[in-house]
Amino acid sequence: MATLIEAEAASGGADITPRPQNRRNVRETIVRYRWLLFLMLPGITYFALFRFWPMYGAQIAWRDYIPFLGIQGSEWVGWKHFEDFFTNPDFPRLLGNTLILAALSLFIAFPLTIVMALLLNELRLNILKRTVQTLVYVPHFLSWTVVVSLTGLLFAIGNGPLWTWLNDLMGTEINFLADPAWFRPLIVLQDVWKNTGWGTIIFLAALASVDQEQYEAAIIDGAGRWQRVWHITLPSIRSTIIVLLILQTGQILNTGFEQIYLMSNALNRSVADVFDTYVYFVGIQQGSYSYATAVGLAKAIVGVILIFGTNWIAKRFNQTGIF
Amino acid sequence: MTTRKRLRAPLAILTVTGLALTAACTSGGDDGDGDGGGDGGGDALSSLSIMAPYFAAVPPEEDDPIDLALSELTGVDLSVQWVPNTDYGERTNVVLAGDDIPDVMVMGKTPAFVQTAEAGGFWELTDYLNSGDYPNLVSENPEVQEATSVNGHVYGVYRSRDVIRHCIILRADWLANLGLEQPQTTDELFEVARAFTEDDPDGNGQDDTYGFINPAWPGSIGSGSPYDALELWNGAGNVWLEDGGELVPSFTTDEWMEALEYERDLVQNGYTNPDYATMDPATWNEPFLNGQGGIIIDVQSRAPQLVELFREQDPANAESYVALVGQPEGPHGTFAMPTAGYSNFLAIPRSSVETEEQLEQVLQVLNDMNSTEAQILLNNGIEGDNFTVEDDYAVYNEDRQDFTDQVSGAWAQLGTNVAGYNAYSTQPATPYDEELAQLRLDLQAEDLENAVFNPAAALASETYQSSGTQLDTLISDARIQFIAGQIDEAGVQDVIDRWHSQGGDQVIAELNELYSELG
C-alpha cells in the first residue's frame, strides 16, 4: 500500500519536468509507474487475449475456411465472400429491415429513456421515486427468452389476455405474433418495456449533478416547471445525451439477435430477417464460416464509420464528442 | 538496496504471468500429431477415445462400470469425451479445428462434415464395411447405409433408428362420441378434422374444438413436419422425386401444390389450431390433453407419452383417449413417410487413427461394441445391478435409477445396432401398454412396405452445401404463407422461381449429374 502511494506521488512529480524522448526515460517511466502498469495488466491481458488475438482468425473472411484444414491450410479466395454478400438478392432487404429497426430504436426507444429519466427526476416524494425506479429496472434482468415467451402468452391468438382485449377493442381478429405489419411495433414495445428503465440510470446520474442553485434562481425569476426542464435540466445533460447517442449509433446494426430470432416465424420473416439472424442461418446452420465472418466484418466496419461520423457531426455542431 | 528488491518482485510476477500466458496460448498447438487416446505413431492402439453427445443430467464418469465392462470386452481402454447434446454440433467444429482429435467421433452429415470428409479428414469405410470382416457392422438395411454416405462413400457406422416413425394420433374418445371410424385415407382424415371442429366432439355444446394441432416447425422442408407428411401422402415424393430418370424437387410437382391446398383448407376452415405459425413445439401435447384439438401427425412414440400424461390427469379412463393410426392412403396411391433410418454415425478421423492397421483395430472394437453383450451394456446397463431380466424384458431397479438414466441418456448414444437391436426392451407396465407397443410394431411393418425414400439422400451437391438452408427456408416459408392466405398459387410459383434462380437450378444439375454417375 505504501509503495502504491509512493508511486503515485512520484508520478505527480513527473509531470513538472519536461522529458526528452529517449530510451532511458522510457525505462524510467516504466519503473516509476510500475505499480500502475501492473494494475493495468489484467486489462491488457484481457484485450490481448479476447479482443486482439481473435482478430487473427478474422482472415477466414478471405479464405474458404474448413475447420479440419485449419486457418492457414484453407484456400485463399480474396474478396469473393464480400462480393457474394453485396450482390446477394437478399442484401437490400436485410439492410432495409436492419436500418428500420435501428431507426425505430433510435427515434422511439432512446428519447423515451430521456423522458422517463426526466419524469423520475421530477418526482419529489423520495420513497415513491425509489420504488418506481426499482420497479422499472426489473424487466432488464429478464432474458429475451422470457420476454418473448411472455409476449407469446399475452398475444396468443384465441386466448391471450391482451389479444382478447385488443380484439374486443378493434373488432378484428389480428394475429399479432405472425402478422408482418405487427412485427416491428412488437419489437419496439418489447425493447421499450425491457430496457427503458435501465437506460435511465446514466441520465439520472447526470441529472443528480445539475446545480440546484440554478433551479432556485429560476424559480425566483418566475420560471415554471416546463421552463426549468427546457432551459436548465436538458442543457445540463446535453453532453451525456450526445455521448450516449454516439455510442448508440455505433450499435445501430446490432439489432439484438436473440429477440429477433425468437420473434421471427415463417409468416413475418420478410420483415424480420436482419444481418444478425442472417449470419446465424448462414454461418452456424449452414456451416459457411467464411461467408458469415465476411458479413460480420462488413457490419463492424459500418459500425465504426457510423461512430466516427456521428462524433464528427457532434463536434461540428460545437458539442463535445467522445474523442 | 530496498528499492532494488521492490523492483524485482513485480518484474518476477510479470515474467511468470507472461510465461504462463504464452504457455496457455501454445499448449493447444504443441501436442504433435494429436493422438487423443495417447497412442503413438503407427503402433497398435492401447486405448481408444470416443467423442459422443449425452442427454442425461450428468455424464458418466471415466471408468464407470459400463466403461470398465466395455474396455474388458473390446480389449482396449475406452475413454469417452461426453459433450452435452445441445453443444455437440458446435463442439465438433472446435475439435476438428484443433489438434486433439479423438479416435472416433459421432458425426452428422452436416455441410462441415461433408467438406471435411471430402478434404480427406475421415476414413472412407465403404470397402471395410462391405468386406464382411466385421459381421456386427454389416447393415440390415443397405438403403439406410447408402443414405448415410456422401455420394456413395460411406464415412461412418450409422446409429440405427426405426425407419417408420410417423403416424396419426387422434382423440379416441372424440371418434367414439361422434361414431366415426379411424381414418384410413387422407379424405377421411379431412372429414374427421371437420367433424372434430364442427360437430362438438366433446359434447359440451360449445364451439371450442378443432381438428389438427400443428406447431411452428423449427426445420424447413423435408424435416418430418406434419406438412411434409401430408405432401408425401399425396404422392409428392420425399424431398426429391425420380421422374423419368431425372431427379426433380418434390415442391415442383402438381401433387405438392394439391397437398398445399388441402393444408390451406384445413387452416382456412378453422380445422387447425389458429396459432399454427407460432406455437412452440414443446407445448404440442397441451391442446390434445386439454381437449382443444384432436389430431396430431407425429412420431409414434408421442402416443405412449400422451397415454402417460392422461394417466396423471384421469387415471381411470386414461386408456380411452389415444388412438394410434398408421399412415393413410392418398388419392394417388399409398405412400408412407420413412425417417432417414439413422441418427448420425461413428466416423474415424484420419489425423488420430493414422494407419490402416489402426483403422482395422478401431473397426474391430466397433464390431465388438455392437455384439449382443455390448448392446445390453450400452442400452440396459449391468444385469443384476440396475436391471434384471424377466420374460425377455428388462425390469429396472428403482434404487439404481440414476445409473439407468446415465445408461439410456449417455451410453446408448454409442450404440449403432446396424445389424439389429438385440438388447432387452423395457417391460410394458400394463397390458394396454403392451398392446400399444405391439400396434406400433405392426404399423411399422405395414407402412415400411409403402415407404418412399429420398432418392437424393446420399448425394451431396456443392451448391446445396453452401446455400441449402436458405433455399429450403424459401420454400417452407412460402408454404406457410400460402396456408395462411398471405400469398396465392402464383405467389408460391414466384418463390419457386426465386429458388431456381438463386441456386436451385445448380442444385438440380449437380444432383442429377451425381445421380447418373452413381446409377
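How many helices and strands are there in chain B? Chain B has 18 helices and 16 strands, these being DSSP runs (H or I of at least four residues for helices, E of at least two for strands) numbered from the N terminus. This is a predicted model, in which local features need pLDDT of at least 70 and side-chain atom pairs count only at pLDDT 80 or more, while totals for chains, interfaces and linings use all residues. Residues are numbered from 1 along each chain as its sequence is written, and chains are lettered from A and ligands numbered from 1 in the order in which they are written.

**Chain B as a whole**

Select chain B. Its C-alpha atoms fill a box of roughly 95 × 65 × 60 Å along the principal axes. Of its 519 residues, 43% are buried, a residue being buried if 20 or more other C-beta atoms, placed from the backbone, lie within 10 Å of its own.

**The largest nonpolar core**

Next, select Ile169(B), Ile295(B) and Val362(B), which touch the most other members of the 160-residue largest nonpolar core. Such a core is a set of buried Ala, Val, Leu, Ile, Met, Phe, Trp, Tyr and Cys residues joined through C-beta atoms within 7 Å. Helix 17 of chain B (residues 462-484) gives the most to this core, with eight residues. Apart from this core lies another, of five residues, including Met116(A) and Ile237(A).

Around Ile295(B), display its contacts, among them Ile168(B), Val192(B), Phe196(B) and Phe212(B), with residues up to four places away in sequence not counted. Two residues are in contact if their C-beta atoms, placed from the backbone, lie within 7 Å.

**Helix 9 of chain B**

Now select residues 226-233 of chain B. Eight of the eight residues of this helix are buried, so it is largely enclosed by the rest of the structure. Among the buried residues are Asp228(B), Glu231(B) and Trp233(B). They pack against elements of chain B including strand 5 (166-171), helix 8 (186-198), strand 9 (293-299) and helix 17. Gly235(B), which follows helix 9, has a positive phi, near 95 degrees.

**Where the chains meet**

Show both chains. The contact takes 31 residues from chain B and 28 residues from chain A. Helix 17 of chain B gives the most to the chain B side, with nine residues.

**Residues 95-310 of chain A**

Finally, select residues 95-310 of chain A, which an unreviewed UniProt entry annotates as "domain: ABC transmembrane type-1"; such annotations may be inferred rather than shown by experiment. The span is 78% helix and 0% strand, and its end C-alpha atoms lie 19 Å apart.

Terms used:
A residue is buried if 20 or more other C-beta atoms lie within 10 Å of its own, exposed if 12 or fewer, and partly exposed in between; C-beta atoms are placed from the backbone.
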